[in-house]
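This briefing sets out the main features of one protein chain, grouped by topic. Please keep the sequence and the model in view while reading.

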Amino acid sequence: MLAEIKGLNEECGVFGVWGHENASQIAYYGLHSLQHRGQEGAGIAVTDGEKVTVMKGVGLVNEVFGHGELEQLNGKAAIGHVRYATAGGGGFENVQPLHFRSHSGSLALAHNGNLVNANALKHQLENQGSIFQSTSDTEVLAHLIKRSGYEDVKDKVKNALSMVKGAYAFVILTEDTMMVALDPHGLRPLSIGRLGDAYVVASETCAFDIVGAVHERDVEPGELLIINDEGIQSERFTLNVNRAICSMEYIYFSRPDSNIDGINVHSARKNLGKQLAVESPIEADVVTGVPDSSISAAIGFAEQSGIPYELGLIKNRYVGRTFIQPSQELREQGVKMKLSPVRKIVEGKRVVMVDDSIVRGTTSRRIVRMLREAGATEVHVRISSPPIKNPCFYGIDTSSSSELIAATRSVEEIRELIEADSLVFLSNEGLVDAIGRQYEGNGGQCMACFTGKYPTEIYPDTVHPHEKVTC
């Protein structure tokens, strides 16, 4: 994906395995398959039944664990995490799993998502004497667990989960138990599978394919799974659930070979492209997609419209990670480093360029210019999602509408800015219909970045000044 230069990034991916003699190696390969969800840090925690050991570092999975580190992580269970920093920022102290020790035992914690009431809870906990070791919102849950008055760790976790709000897929490891929890809205994907006699949990089902596990089901919103040597137990920490998975998981974030709620991501994206072609017919010679996440939608657009699909844009897969570059100028230069137009395909042609989203617009303008420089006579841009007009507070790095071109500009104004001959976004209704989730209303999806209607309460201290939100 081109998340690092397109300005749209998801926070993390989590993985867990219980009951396998090579747990750390299984976690390593699982994290490899989730690398697209975060490239800034990686970590693995293991238990041998007596102690929890954590190893983590800044960088890609193979950079952190490429020097024999896995040999030091022996145990029957492991949890892992890949991170893209949004809440709390970067730094080694925020790389997960976070590890906490006390006289009653150890606890390792990995989290995908963002807690909207983390700041409020943190202030409350600090006033009660808690001292935080990181700036990550994830650490709040650990303090809530520790401060819970319940004796059993399961009840401690359930009590803590009842106090946090927002998007979260948690994987928790103690010496003798792995626990898995999903927020009451199911904003982030999380699935459970089997690898022989072992249990495996992952942010995306593509991780199961990599390690040879069989997907059993998705974790339910508001569900807590307790996994140990006695088997697996399912409990509810709340009955007040309202499905609202992030729509961008289908549109952009998840790998095409993953399934979410029984729907294949590639198929969903193809349907988005088909619906886009129905809503925005155009006379053109060739359809091309912006690699990688837009390829599926471009194929669907081509199939529906009858316009041939071609690889008009090629991604260079051997370029360094441009998201570490500090300036916008260097990030924009990264587009040329990452993408190249195929002149013989687009020269003299009317080109339909299909992309999954427009965030700030700078990348779209650069790609349109590249296609024109390669000889395209017309460039028609089609976006397989509605305009992103509102900030996200659930783990995507668009926390202010000032970062979003569609928040203050009309479609025509955006078209002029990106220098396209035409521009059409998919409708909200078309998005829901194309993905095809069998839930009333919005299809059980969070549409907040398009509609401004958030599925949870948004706390004032998470909102930028002058930002208005509606719950």
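In which helix is the place of Ala 207? Ala 207 belongs to helix H7, residues 206-211; helices (H or I, at least four residues) and strands (E, at least two) are DSSP runs, numbered from the N terminus. The model is predicted: local features need pLDDT of at least 70, side-chain atom pairs count only at pLDDT 80 or more, and totals for chains, interfaces and linings use all residues. Residues are numbered from 1 along each chain as its sequence is written, and side-chain values use heavy atoms, with hydrogens and water left out.

**Overall composition**

- The secondary structure of the chain comprises 17 helices and 23 strands.
- Of the 471 residues in the chain, 60% are buried; buried means under 20% relative accessible area, exposed over 50%, and partly exposed in between (1.4 Å probe, protein chains only).
- Among contacts in the chain with a separation of 6 or more, 69% are between residues 24 or more positions apart; a contact means heavy atoms within 4.5 Å.

**Surroundings of Ala 207**

- Ala 207 has a relative accessible area of 0% and is therefore buried.
- Leaving aside neighbours within four places in sequence, Ala 207 is in contact with Phe 15, Gly 30, Ser 33, Leu 34 and Ala 202.
- Ser 33 lies 174 residues from Ala 207 along the chain, yet their C-alpha atoms are separated by 5.3 Å.

- Strand E4 (residues 77-83) is largely enclosed by the rest of the structure, because seven of its seven residues are buried.
- In a regular strand the side chains alternate between the two faces of the sheet.
- Both faces of E4 are covered, with Ala 77, Ile 79, His 81 and Arg 83 buried on one side and Ala 78, Gly 80 and Val 82 buried on the other.
- Strand E1 (residues 12-18) runs antiparallel to E4 and is joined to it by seven bridges; two strands pair if DSSP finds at least two bridges between them.
- Val 14 has His 81 of E4 as its bridge partner.
- Strand E2 (residues 41-47) also pairs with E4 in the antiparallel sense, over seven bridges, and here Gly 41 is partnered by Arg 83 of E4.

**Strand E6 and its partners**

- Strand E6 (residues 105-115) is mostly covered, with 10 of its 11 residues buried.
- E6 is joined to strand E5 (residues 98-102) by five bridges in an antiparallel arrangement, and the two strands form a hairpin with two residues between them.
- Eight bridges pair E6 with strand E7 (residues 166-173) in the antiparallel sense; Asn 114 is partnered by Ala 167 of E7.

**Cysteines and cavities**

- A disulfide is a covalent bond between the sulfur atoms of two cysteines.
- The structure holds zero disulfides, each defined as a pair of cysteine sulfur atoms within 2.5 Å.
- Cys 446 is in no disulfide, the nearest cysteine sulfur being that of Cys 246 at 6.3 Å.
- For Cys 449, the closest cysteine sulfur is also in Cys 246, at 6.4 Å, which is too far for a bond.
- Cys 446 counts as buried at 9% relative accessibility, and Cys 449 is buried at 14%.
- There are three cavities of 30 Å³ or more. On a 1 Å grid over the protein atoms alone, a cavity is a set of points where a 1.4 Å probe fits but cannot get out, and lining residues have an atom within 4 Å of a point. Grid points are joined across faces, edges and corners, and a volume is the space filled by probe spheres set on the points.
- The largest cavity has a volume of about 90 Å³, and of its 13 lining residues, Cys 246, Cys 392, Tyr 394, Cys 446 and Cys 449 lie nearest its centre.
- The lining of the largest cavity divides into 12 nonpolar residues, no polar and one charged; Ala, Val, Leu, Ile, Met, Phe, Trp, Tyr, Cys and Pro count as nonpolar, Asp, Glu, Lys and Arg as charged, and the others, Gly among them, as polar.

**Backbone geometry**

- Most residues other than glycine have a negative phi, and most peptide bonds are trans.
- The peptide bond from Gln 96 to Pro 97 is cis, with omega near 5°; Pro 97 lies in the loop between E4 and E5.
- Asp 261 has a positive phi, near 55°, and is partly exposed at a relative accessible area of 30%.

Technical notes. On a 1 Å grid over the protein atoms alone, a cavity is a set of points where a 1.4 Å probe fits but cannot get out, and a pocket is an open set with protein on both sides within 12 Å along at least five of seven lines; lining residues have an atom within 4 Å of a point.
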